[in-house]
Amino acid sequence: MENRFNLIDEPWIPVADIGLVSLKEIFSNPKLRALGGNPVQKIALTKLLLAIAQSAATPEDDNDWREMGWQGMANKCLSYLDKWHDRFYLYGEKPFLQMPAIRAAAVKSLGVLSPEVSTGNTTVLTETQQQKNANDAENALNIIVQMGFGLSGKKTDNSVILTAGYQGKQNDKGKPASGKAGCAVGHMGLLHSFWLGEFVAHSVWLNLFTQEDIAELVMYPTLGVAPWEQMPAGEDDDIARALKESLIGRLVPMGKFCLLAEGGIHYTDGIAHASYLEGKADPTASVDFAQKKPKALWVNPGKRPWRELTSLLQFIEQGKSDGFDTPQLRRTRKRVSRNTEQFAIWSGGLRVSSNAGEQYASGTDDYVQSELWLPSHLLGSLFLEQLKHEMAQLEAMQKQLWGTVVRYFRELSDIDKSGSGKAQPFVASQAQKASDIFWQLCERQAQALLHACDTTQIAREKRQRLRETFANYAEQVFNQICPKDSARQMDAWAQSRPNFSKFKHAD
């Protein structure tokens, strides 16, 4: 079979404001500001770039990392890609991250790989839900995403088993089981976070682990060998088991075995990695292992990632041993803040629902992401303490808004004016709507709020102005949800109107 579409030379990686670029351009062009695509594609691509960088240029320690710099790392990555050039063909005898041995599996349409595309008897409401013919660049991106973000369900053909005697793809009756969720997704959609730098290669350098970091990673104490250097032959052979125990195996987990075919893809479960409930998680995922039952931080479209920042950064607090842990942020934070003037925290993912083992995106499920920039000098325990205080004030403001909206509709409904007890469904939905709009308005000021969490007098004055802005948002939302057009509405509005003066002047 002819080798064609080499990922090192051909454009296939979406980059913001640029379009598609090749792997070679990623490591040679410092004008590529940030990756494009949806949040899941950004995470999958970042992990692939990190796997290449870790394979090519893992530094010994912080000093080695600093002396190497992003340019030194990029040069090593380019040499590495040149060495393994023949392993990066999307089509050919050794198709990139694909398993020719699963050719016996049924051919599925490429639409099954995208949660936003309607397949089977699902109703098509918008054009974006229609399946389109994918080009080579989109096929390459699909393969990368499926390594860790394949959803569970019956879309995989698990009748094909490559490792003799392997029972992980069978149910209790010995028949092919439904596919498992990718280790980067989990049950509902794990929230992933990492650092962003000035451009793509700089971001990869900031997130690079040193040999010392890897040795101290309890879950993955070895770097491992990239699968394009040494592909597994089955779901549970020696290479597959080594990938399950290594950092590289978590960056490119091969959770699904794929093979592109004419008009579709052969698609079956691959290597079964341990989940967070079994004590392992991606370095970019946030999990609290101090709990009796590990607790993961899930993607929540109703609570954007900027509101989770205090949870993501609580490792900054001295002596703090519990709470959500994100090794990708915790292990690299000090050297990142010491060697860059500013950087960003990127968080995102995909929320999914599941029913009877089938995962899908429906209802309020959605992609979420946030990108917040910080000056290096700001990131410390005082910053975190101030941010926690401001977020607590915002939460209190939102609760007061909720309560006043409930009171307004109770005054109008003549059902329950006692002001206590559970609100009626319609009243609760109006209060929830008010809260959602309030948080959407506050998100506009999230970056300004972070910059105001300093100890200077100027920052204090900024916080004061921001509180007035947030209080104005809350009053604006109350007036929007609670009209005063009639006499009864005017009476209910006047009796329920919130007073946020204590938030405007509190410190």
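Q: Leaving aside neighbours within four places in sequence, which residues is glutamine 386 in contact with?
A: Glutamine 386 is in contact with Cys453 and Arg463, neighbours within four places in sequence left aside. Contact means heavy atoms within 4.5 Å. The model is predicted: local features need pLDDT of at least 70 and side-chain atom pairs count only at pLDDT 80 or more, while totals for chains, interfaces and linings use all residues. Residues are numbered from 1 along each chain as its sequence is written, and side-chain values use heavy atoms, with hydrogens and water left out.

Q: Why is glutamine 386 called buried?
A: Its relative accessible area is 18%. Buried means under 20%, exposed over 50%, and partly exposed in between (1.4 Å probe, protein chains only), so glutamine 386 at 18% counts as buried. Glutamine 386 lies in helix α12, residues 381–413. Helices (H or I, at least four residues) and strands (E, at least two) are DSSP runs, numbered from the N terminus.

Q: What makes valine 15 count as buried?
A: Valine 15 has 6% relative accessibility, so it counts as buried. It is found in strand β2, residues 13–15. Not counting residues up to four places away in sequence, valine 15 touches Val21, Ile26, Leu32, Ala34, Leu35 and Gly36.

Q: How do you know that β5 and β8 pair?
A: Two strands pair if DSSP finds at least two bridges between them. β5 and β8 (residues 264–269) have two bridges, in the antiparallel sense, so they meet the definition. Lysine 108 stands opposite isoleucine 265 in β8.

Q: Why do β5 and β7 stand at the edges of the sheet?
A: The open sheet has three strands in the order β5-β8-β7, with antiparallel pairing. β5 (107–108) and β7 (256–261) each have a single partner strand, so one side of each is left without a neighbour in the sheet.

Q: How do you know that the length of α4 agrees with what its 14 residues should span?
A: The expected span is 1.5 Å times one less than the number of residues. For α4 this should be 20 Å, and the end C-alpha atoms are 20 Å apart, which agrees.

Q: What makes α4 mostly covered?
A: In α4, 12 of the 14 residues are buried, including Leu141, Ile144 and Phe149.
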